[in-house]
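Hello,

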Amino acid sequence: MSKPLPETASQTAGPYLHIGCMPNAAGIAGVFPQDLGAQMLTDAIPGPRIEISGKIFDGAGAPLRDAMIELWQADASGRYGSPGFTGWARKATDVETGIWRLKTIRPGTVRIGQDTVMAPHITLWIVARGINTGLHTRMYFPEDARVHTSDPALAQVSPADRVRTLIAWADGLGSYHFDIHLQGPDETVFFDV
Amino acid sequence: MTGSPGPLLPRDWTRQPPALTPDYRSTRLRAPQHARITLPSTPSEESGPVFGHDLLGPLDSDLTRNFAAAGQRAVGPQIIVHGQLRDQNGRGLPGALIEVWQANAGGRYRHRAEGYLAPLDPNFGGCGRVITDAHGRYRLRTVQPAPYPWPNDENAWRPAHIHFSVFGTSFAQRLITQMYFEGDPLIQRCPIVAAIPDPTAIAGLIAPLDMEASLPGDALAYRFDIVLRGRRASYFENRPEGM
């Protein structure tokens, strides 16, 4: 049996990623009818409506205003890729404020095999100028603290107090805020998945 | 998306650029300082979005015409860029979305943050996309982008390149990279390229001229093959394509 082929090397998405990934938002109209992943939520999708917002901070504490986040999540029953719900979105950080914002549904717990469940979470992938290889992380919900203790991904986080970097802040009204820190004392946990 | 097709092969970080590569200045404040935490893949990473061929318009893969006025075409050397998308198991990946973006033939991006004064081409937007065929093959038509200066140091120039964004079937296979052109002397001077520690991995990003695929009297061709991460289970169950 031959060895597996080597994976193609990553390169930064650079500062102009909007041209290829969200041309309409970048002012390049008429090539594609709409930007992929611009909207995840439609009326027909069952589940609790939520809104998530956040910023991505660099090591000097400045928000990235040229980054892109892709988000991938299960539906309200914990299934991926169920009919009618793409589960996938991409958002640019705002060129002025650095804020990204997503309307979606709260994902359900995800079952792995018979015995293991993962706490509700959204998987995120971050690319930008200065990021050589896309960064994988997860956002969890603060109300699920009881399930977090048995979540297999959070169990890998060491030291365990870094788990806090993966928990969003809730306003109690269905809005969540999730800041990502690329460096510093609050550096977000990134995964090699 | 069809269920969870099994765990992914672990990523070989000796062939990927580390987060911090100080010669590429933008990494200094943006590179995480902790090591990534290894997480055996779960359904959250083994699944991923899929896109159907019905997504595409007839000119999506032709950057010379998809932004151009009727009957017009982008200015610059006309080229075909084509290749095969495979996973590490060697199988062609059908139905995979590839998005590309690039500067025009003068080295100018159509972007608000662009600072280079080379002229915009009114007939060139700089974006395109394609979905791989049953064998994982893809084909784009575009103009050859030019090198351009960038503010990394007082006289930094990017080699000519095309940005590629590639979707497999797993979120953990997501890849963004850049394709370079055979023979460009700027490749070996570029700190973004040099972020990749393995010369053979760099070589994999340099597309050779492909006269076989060129269109006589019309367009030269470059071949760029791409490999996404493979899966453990299928590696042992399936032979690579063509073997």
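Below is what turned up, starting with the conventions and moving on to the chain contacts, the charged pairs and the rings.

This is a predicted model, so please keep in mind that local features need pLDDT of at least 70 and side-chain atom pairs count only at pLDDT 80 or more, while totals for chains, interfaces and linings use all residues. Residues are numbered from 1 along each chain as its sequence is written, chains are lettered from A and ligands numbered from 1 in the order in which they are written, and side-chain values use heavy atoms, with hydrogens and water left out.

**Where the chains meet**

Taking contact as heavy atoms within 4.5 Å, 76 residues of chain A touch 85 residues of chain B. The two chains bury about 7000 Å² between them, with carbon and sulfur atoms giving 59% of that; buried area here is the accessible area (1.4 Å probe) that two parts lose on being put together, summed over both. On the chain A side, E7(A), Q11(A) and Y16(A) lose the most area to chain B, and together they make up 13% of what that side buries.

There are also 42 residue pairs in polar contact between chain A and chain B, both residues being at pLDDT 80 or more. A polar contact is a pair of N or O atoms within 3.5 Å; within protein, one must be able to donate a hydrogen and the other to accept it, and residues adjacent in sequence count only if both atoms are side-chain atoms. Several elements of chain A each supply at least two residues of the side that touches chain B, among them helix 1 (17-21), strand 3 (68-73) and strand 8 (121-127). Helices (H or I, at least four residues) and strands (E, at least two) are DSSP runs, numbered from the N terminus.

**Charged pairs**

For salt bridges I used a side-chain nitrogen of Lys or Arg within 4 Å of a carboxyl oxygen of Asp or Glu. The whole structure has 21 of these over all chains, and 6 salt bridges cross the interface of chain A and chain B.

Within chain B, R15(B) forms a salt bridge with D198(B), with the closest N and O atoms 3.5 Å apart. R15(B) sits in the segment before strand 1 and D198(B) in the loop between helix 2 (191-194) and helix 3 (199-203), so this pair ties together parts that are 183 residues apart in sequence. R15(B) is buried at 13% relative accessibility, and D198(B) is buried at 18%. D198(B) also has a side-chain polar contact of 2.7 Å with T200(B), which is found in helix 3 of chain B.

**Aromatic rings**

Rings of Phe, Tyr and Trp (its six-membered ring) pair if their centres lie within 6.5 Å; planes under 30 degrees apart count as stacked, over 60 as edge-to-face and the rest as tilted. That rule gives 13 aromatic pairs over all chains. In one of them, the ring centres of W88(A) and F51(B) are 5.3 Å apart and the planes are at 80 degrees, so the pair is edge-to-face. W88(A) lies in strand 4 (residues 88-92) of chain A and F51(B) in the loop between helix 1 (43-46) and strand 2 (78-87) of chain B, so the pair joins two chains. W88(A) is buried, at 3% relative accessible area, and F51(B) is buried at 15%.

Ring pairs also link Y16(A), Y109(B) and Y148(B) into a cluster.

Best wishes

Key:
Buried < 20%, exposed > 50% of the residue type's maximum accessible area, 1.4 Å probe, protein only.
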